[in-house]
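Here's a walk through one chain, with a few stops along the way. Have a look at the model first, then read on.

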Amino acid sequence: MLRWAGSLIRKTLLTLAPMAGVYALFSYVYNNYFAQSVTFNRKLISHDSVRSVDYLQGRDRIKVLIVTGGGVRGLIPLYVLQHLERGLGRPINEVFDVFAGVSTGAVIATGVNIPGDAIPDHYGKNISHLEYLINVYKDEAGYLFGPPWYHKLLTGAGLFSPSYFGGRLHEVMEKYYTKSLGFTDLEKYVIVPSLNIDSGEVCLFKNRGDTVMDLPTNSLYQLMTAAVSAETAFPPVSFEANRTEYKALQFTDAAIEMKRFGSVFADAAIAMNNPASMILRDIIREFPNKEYYILVLCSGYPRLLSSTIGYHSLRKWGRIHWARDALANIQRSMDKNQLYTLEIAKALSGKGRIEYDYLNVDINKPFVGIFDHDLLGHLRGYSNKLIEENKSCMQKIQAP
């Protein structure tokens, strides 16, 4: 019996070895020579493009909307904002002074501030910003997060190179923001965190003030492609300095090299999915001695698998089982730390000077992952649950 089993194992290994070799060869070639990249030309921004934020200096209270990351679950905050907007009877971008967002939250923060006449008529004219964004999510999620079978196979489902095509992300951003729209064209002050790959630091893309001059470009769709290129999902975005163009403007070689530094960006969610403390610190520095209200609108807490099974199974878990919960717990703890920071800031400031609301919902049954484009239909239910659980907050925001 043992001899027969050993012979069967040897035959199986001899059969599988050539197949594994062929897979390894094709996978190596595909991931090393056909992996996609997203590269844009770095563009100098003229001082004429800079728009001041002085109009906010006269405000006694600065109201900030922050939308966290969450992939396709960005539909949850979109539905919540739509509910708020209907209760207010006016566009959401008239309610807040500053908008910020990470990853999918950046799409929302910028999308609600596109000038009305600049919204493409893919879904007809006179459509609201939120309805436009909801349609974009529904129509493009499958295209962005549904790569062909061969890509999944040869990348090892994202183990060896990005899970999805950077070219598709670039294409979608260009289509729905258009080539002509500049970051500084947005109607309100918008701050978008992005991860600077060169330095490892989270930087802030701002569309107002002199820091606009430090942006790699003023092209909205290109900046947004960089800000939502989630690591492992899409390749980072590189902004390349054109030596000929810079030489024509009498830049020295050393100055051009300085411009090249800080040219690769990606999604900031891996470092700061909820940027509340960073945004608040920046707003206080820019507009000191005021009152501040922050609404943090989230895309759902990830489910902890360990909380759904019995101890009999849990006691046998090893690294492979705990890996998924470890990532979920990192996101949860990062989010909680932001809330602790807001609480400390509120406690240390004068009464009523810093106020905030934090709206989130647990994603349990059915669980919808950040790239689960085939489960979009369940997100309306989660948004309704979030609204129901936060009725008092909704009424406060909608109050005159």
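E355 is partly exposed, at 25% relative accessibility; that label covers everything between the buried class (under 20% relative accessible area) and the exposed class (over 50%), using a 1.4 Å probe and protein chains only. Its side chain meets that of K346 in a salt bridge, 3.4 Å from N to O. K346 is partly exposed too, at 31%. A salt bridge here is a side-chain nitrogen of Lys or Arg within 4 Å of a carboxyl oxygen of Asp or Glu, and by that rule the count comes to nine.

Before going further, a word on where this comes from: the model is predicted, so local features need pLDDT of at least 70 and side-chain atom pairs count only at pLDDT 80 or more, while totals for chains, interfaces and linings use all residues. Residues are numbered from 1 along each chain as its sequence is written, and side-chain values use heavy atoms, with hydrogens and water left out.

| Salt bridge | N to O distance | Relative accessibility of the partners |
|---|---|---|
| K179 and E174 | 3.8 Å | K179 59%, E174 24% |
| K346 and E355 | 3.4 Å | K346 31%, E355 25% |
| E388 and K391 | 3.1 Å | E388 49%, K391 45% |

K179 counts as exposed, whereas E174 is partly exposed.

Now for the strands. Helices (H or I, at least four residues) and strands (E, at least two) are DSSP runs, numbered from the N terminus. Two strands count as paired if DSSP finds at least two bridges between them. β8 also pairs with strand β2 (residues 61–67), again in the parallel sense, over seven bridges. On that side, I66 has V296 in β8 as its bridge partner. How many of the seven residues of β8 are buried? Six of them are, so strand β8 (residues 291–297) is mostly covered by the under 20% cut-off.

Next, a pair of helices. Helix α12 (residues 276–286) packs against helix α14 (residues 319–348) at an angle of about 35°, with the axes 8 Å apart. The axes are lines fitted to C-alpha atoms, for helices over the stretch in contact, and angles run from 0 to 180 degrees between N-to-C directions. α12 brings A276, S277, M278 and L280 to the contact, and α14 brings Q338, T341, L342 and A345. Contact means heavy atoms within 4.5 Å.

One histidine is worth a stop. H129 sits in helix α5 (residues 129–144) and is buried, with a relative accessible area of 17%. Its side chain reaches the backbone oxygen of I114 at 2.5 Å. Leaving aside neighbours within four places in sequence, H129 is in contact with G111, V112, N113, I114, P115, G116 and I119.

Finally, the overall picture. The chain has 16 helices and nine strands, and 49% of its 400 residues count as buried. Among contacts between residues at least 6 apart in sequence, 77% join residues at least 24 apart.

Definitions and conventions:
A polar contact is a pair of N or O atoms within 3.5 Å; within protein, one must be able to donate a hydrogen and the other to accept it, and residues adjacent in sequence count only if both atoms are side-chain atoms.
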